[in-house]
Amino acid sequence: MNIKQAKDEIRHTVQAYLTKDALGDYAIPVVRQRPILLIGPPGIGKTAIMSQVARECGVALVSYTITHHTRQSAIGLPFIEKKNFGGREYSITEYTMSEIVASIYEKMEATGLKEGILFIDEINCVSETLAPTMLQFLQGKTFGNHQIPEGWVIVTAGNPPEYNQSVREFDIVTLDRVKRINVEENYPVWKMYAYENHIHSAILSYLDIKKENFYQIETTVDGKEIVTARGWEDLSKLMQVYEQLDIPVDESVILQYIQNRRIAKDFANYLDLYKKYQTDYDVDAVVQGNVKPSSIDRIQKASFDEKLSVINLLISKLTAAFTEVFDKDQYVRDLYEILKELKFVFGHAPKDGSRTAAILSEKAEQVEEDLKLNKERGLYDASKLLSMKLILKTLEQYRQQLVKDNRLDPDEAFSYIKASFARDTEERKQLIQTAAAYLENAFAFMESAFGESQEMVIFITELNANKYCARFIRDNGSAKYDRYNKSLLFDEKRENLLRDIGEASEFAAFLD
C-alpha cells in the first residue's frame, strides 16, 4: 500500500486498540494488541506520518531510532539486589528502568496524556547485542523487566533487506506476533502531502513531468545513487531559504540532496527553464488580470511540458494566496475565542483600570502555557502554532499600547481591542477578495489559452488535490470552478486521460 493508506491503517489501529468496553477495559485486550511493523524503502515518509496520526488521535508520541541505542540504554543498567529465598539471602541482578520506558512516563507527566504511540524506527537494523532485546520487545512488549504501559500502542518501522545491508530478518515466531504493513513509494500520494507542506513548486512541476525520477535507489560502479521523497523535501526547504537570501541553486547544490548525478543535472536544467517561464509569462501579472496577448499565443504553441510548467506556476501563486487566507482565518478565529473571554473579565474588572494591564499579561501567560503544552503533546499543526504565536504578540501589543495611551478604563480598553480586532477581520476579508480575484483571473487565462482542453482538466485536478485550494473554494465558492469541475472531471474520457499526468504528457507528445 502507499504511505497515505498506511497512515490511515495505523490511525484505525490506534483507534481500535484504545477503544474501551462498557466496563472501561480495552475492547481488544493488551495481549492481543499486536505491535505494528511498518516495512518500506527509506525516505518515503514513514516517520513523518507518526506525528500526524498522534495529533489526529489526540494521543502522545514518543519516538526513538533504535540504532542509536545500546543494550544498556534499551533495557537499563544492571545492579545487585539482595533477596531472601527459603530463609537464605541471595545476591541477584536486576536492572534500572529502560531509558525508552522512562521516556514514556516522562511524556505522560509532561503532557497529561495517559495514552500514546511508542514509535521505534529502524527496528530491524539493530546491533547483534540488541537484536534479542528487540525480539523480546515485539513479542512481550517489554524492555528488560519493564512493561510498556497500558494505553501505549507500539508502532515500529524498518527497511527491506534490499535497501540496507544491516537488516536482520525476524523469525516466524516474531512475525506471527506483529501486524505487518508493507509500504511502497507513490508520487501522486506524496504530492498531496507536498502541497500541504509547501514543497517548492519547481520540484512538483518537474516531478509531474518526470515521475520516474521521484524515487530511485541504484547501485552503480561509482557506488549507491539515491533519490527519495525525504531528499526532495529537504532540497525544497533549502531552495526556499536560498531564494530569500538570493543564493543560486545549481547542480552541485542539488546533488547534495538528490544523490543521482543524472537526475540532479536534469532537475538543474529544468529549474533554469522554470525560472525562465516564470519571467516570460509573468505569472504575477496573470493572476492580477494583466495578460499579454503574446503570452496566450506562445503557450498555445508551446510543448506540453512547458504548458504543464506554467499551470504549476499558476497553482503555486494561487496556493500562496490561499495559504495566507487559511492562516489569517485560523488567527482571527483563535483570537475571537480569546477576546470573548477577555470581554467577560474586563466586564468584572475594577473601573479604575488598576487590573487592565495585568489581565492582558495573565491572559498572555495562559496562552503561552497552553501553547507549550499542546506543542509538547503534538496536538497543534503548523497553522495553529503560527496563530497562537501571533496572538501572543497581539496581546502584548494591546497591553503596551493601552499603557502608553493611558487607556486603562476596562470599557475603554476593550473598545480599543475591539476596534483592533475589526481591522484584523477587515484584513482577512481583503485577503479573501484578493485570492478570489486571483482565482478568477487564473481561470480567464486558462480559458483564453486552452478552453475545455486536457490542460484545463489538469488545472482543475490540481485545485482539487491541493488542500489550500480545495479549502478556499469550499469556503468561498467559485462559479467557474463549479462549472468546469462538473463538465470536465465527470467526463469519463477526461478522467481516463488524467489518470496519470505522465500518461497525459505522452499522449500530448504523440498528438504533436
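Two strands count as paired if DSSP finds at least two bridges between them. Helices (H or I, at least four residues) and strands (E, at least two) are themselves DSSP runs, numbered from the N terminus. What you have here is a predicted model, in which local features need pLDDT of at least 70 and side-chain atom pairs count only at pLDDT 80 or more, while totals for chains, interfaces and linings use all residues. Residues are numbered from 1 along each chain as its sequence is written, and side-chain values use heavy atoms, with hydrogens and water left out.

Let's start with the sheet. Strands of a sheet pair through backbone hydrogen bonds, either parallel or antiparallel. Here five strands make an open sheet with parallel pairing, and if you walk across it you meet S2, S5, S8, S1 and S9 in that order. Strand S2 (60-65) and strand S9 (179-182) sit at the edges with a single partner strand each, so one side of each has no neighbour in the sheet. On average, neighbouring strands are turned by 20° against each other, direction ignored; the axes behind such angles are lines fitted to C-alpha atoms, for helices over the stretch in contact, and angles run from 0 to 180 degrees between N-to-C directions.

Now step through the pairings. S2 joins S5 in the parallel sense over six bridges, and threonine 65 stands opposite aspartate 121 in S5. On to strand S8 (residues 152-158): five bridges link S8 to S5, again in parallel, with glycine 116 facing tryptophan 152 of S8.

Finally, look at a helix pair. Helix H14 (residues 304-347) packs against helix H19 (residues 467-476) at an angle of about 65°, their axes 9 Å apart. The two are therefore roughly perpendicular (65 to 115 degrees; under 35 is roughly parallel, over 145 roughly antiparallel, the rest oblique). The contact (heavy atoms within 4.5 Å) includes Phe322 and Phe326 of H14 and Tyr468 and Phe472 of H19.
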